[in-house]
2 protein chains.
Amino acid sequence: MSKNTSQDHTHHHNHNVCIDSALATAEALCIEQGQRLTKVRRRALELIWESHRPLGAYQLLAKLAEEGFNSAPPTVYRALDFLINAGLIHKVESMNAYLGCAHADKEHKGYFLICDDCHNVMEFDYQDIHAALIAKASKQGFELRAETIELTGLCSSCKDGSAGANV
Amino acid sequence: MSKNTSQDHTHHHNHNVCIDSALATAEALCIEQGQRLTKVRRRALELIWESHRPLGAYQLLAKLAEEGFNSAPPTVYRALDFLINAGLIHKVESMNAYLGCAHADKEHKGYFLICDDCHNVMEFDYQDIHAALIAKASKQGFELRAETIELTGLCSSCKDGSAGANV
DNA sequence: TTTTAGTTGTTATATCATAACAAAATCATA
DNA sequence: TATGATTTTGTTATGATATAACAACTAAAA
């Protein structure tokens, strides 16, 4: 982990710390923005964070249903929409799955490293690339709004032979 | 358009030239690689190129069906798989749609500028960013395999007020 | 020509996501 | 604390995207 900006969801430390911190940030942000972090939304966010990997909408829905929440799809998609708009989670487009955002409190872009083998995902923040992309786009008269940057390959654990590591 | 590497699918010139050239490249590549560009595959590729925008799988399936091809989903998904693996088209993950690849004959990454307004897509090739991403990933012990880079926003036409331009 | 590999046909189903409208909870303020 | 406005949630239905599994066919190789 160390001093770079990336957030490795494969870590071995006590993940509860991350979850707690994410939830605290979420609450602060919602209050600040006059948004309501209702029970479903809050629990959805927790469940997404509890998963070390991007979570599918229906996986999340199943977990919520187990806990007595309504089990119809709109329930989960509404929660997801809310969380995405609040900047609290990202959608990983190439996986149709959702991931807790590690820098919800900072303006940033969600760039991802996705392991093809163990399916763990690292989020990273790279201002140089962001700046280069803006420059490139504007050279073509294009005004950038959102960036989907998803890189797949092999993470260091899987490359080193311990296939499916950190499950 | 001019001298940069981007391929603007919004162009006003005779698109047939693009299609012909793409098909010629496709045929050459397939022969080179011992792949068979069968009727469905070839026609699917043409239809994707005939669309100025990324085409959905079921849109493509409908067009194929009109022409007497089998109308069940596997038909189109098989063709799409083939074309993607051959490097002849890209999938735009954030749109669940498919786009003819403008540089099928060159090793490259498909980076896209997607207009939120008119939904036209430009493909661009940017070696600097590619290099930076590889460097960034490898610094984390990550071995890159594929890159999904999809930037959305407003293209110059739409920004200049002519909303929905180039339809 | 027989085998083999690759491709296509066919049926069924899995997975992901939203529309539309009713009911309930929450909030603002009279 | 009523009342009305707004937001959130419940519910039913459906749309959109994608794959599994196995049979039939076709082209290429042996």
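Reader: What makes up the contacts in chain A with a separation of 6 or more?

Author: Glad you started there. In this predicted model, residues 24 or more positions apart account for 58% of the contacts in chain A with a separation of 6 or more.

Reader: Which elements does chain A have, and in what order do they run from the N terminus?

Author: Chain A has 6 helices and 6 strands. From the N terminus on, the order is β-α-α-α-α-β-β-β-β-α-β-α. Of its 167 residues, 35% count as buried.

Reader: Why is Asn96(A) called partly exposed?

Author: Let's set the count against the cut-offs. Asn96(A) has 13 other C-beta atoms within 10 Å. A residue is buried at 20 or more and exposed at 12 or fewer, so Asn96(A), with 13, is partly exposed. Asn96(A) sits in the loop between β2 (89–92) and β3 (97–100) of chain A, and has a positive phi of about 45° although it is not a glycine.

Reader: And why is His119(B) partly exposed?

Author: His119(B) has 19 other C-beta atoms within 10 Å, and buried would need 20 or more, so His119(B) is partly exposed. Its place is the loop between β4 (111–115) and β5 (121–124) of chain B. Phi of His119(B) is near 65°, a positive value in a residue other than glycine.

Reader: How do you know that β6(A) pairs with strand β6 of chain B?

Author: Pairing asks for at least two bridges found by DSSP. Here 11 bridges join β6(A) to β6 (residues 143–154) of chain B, so the two strands pair. They run antiparallel, and Glu143(A) has Leu154(B) as its bridge partner.

Reader: How many residues of chain A are in contact with chain B?

Author: 32 residues of chain A are in contact with 32 residues of chain B. On the chain A side, the largest share, 12 residues, comes from β6(A). That side divides into 15 nonpolar, 8 polar and 9 charged residues.

Reader: What makes a residue count as near DNA strand C, and which are the closest?

Author: A residue counts because its C-beta atom lies within 6 Å of the strand. DNA strand C is surrounded by 19 residues, and the closest are Pro73(A), Thr38(B), Asn70(B), Ala72(B) and Pro74(B). The largest share of this surface, 4 residues, comes from α4(B). By type, the surface holds 9 nonpolar, 6 polar and 4 charged residues.

Notes: Residues are numbered from 1 along each chain as its sequence is written. Chains are lettered from A and ligands numbered from 1 in the order in which they are written. This is a predicted model: local features need pLDDT of at least 70, side-chain atom pairs count only at pLDDT 80 or more; totals for chains, interfaces and linings use all residues. Ala, Val, Leu, Ile, Met, Phe, Trp, Tyr, Cys and Pro count as nonpolar, Asp, Glu, Lys and Arg as charged, and the others, Gly among them, as polar. Two residues are in contact if their C-beta atoms, placed from the backbone, lie within 7 Å.
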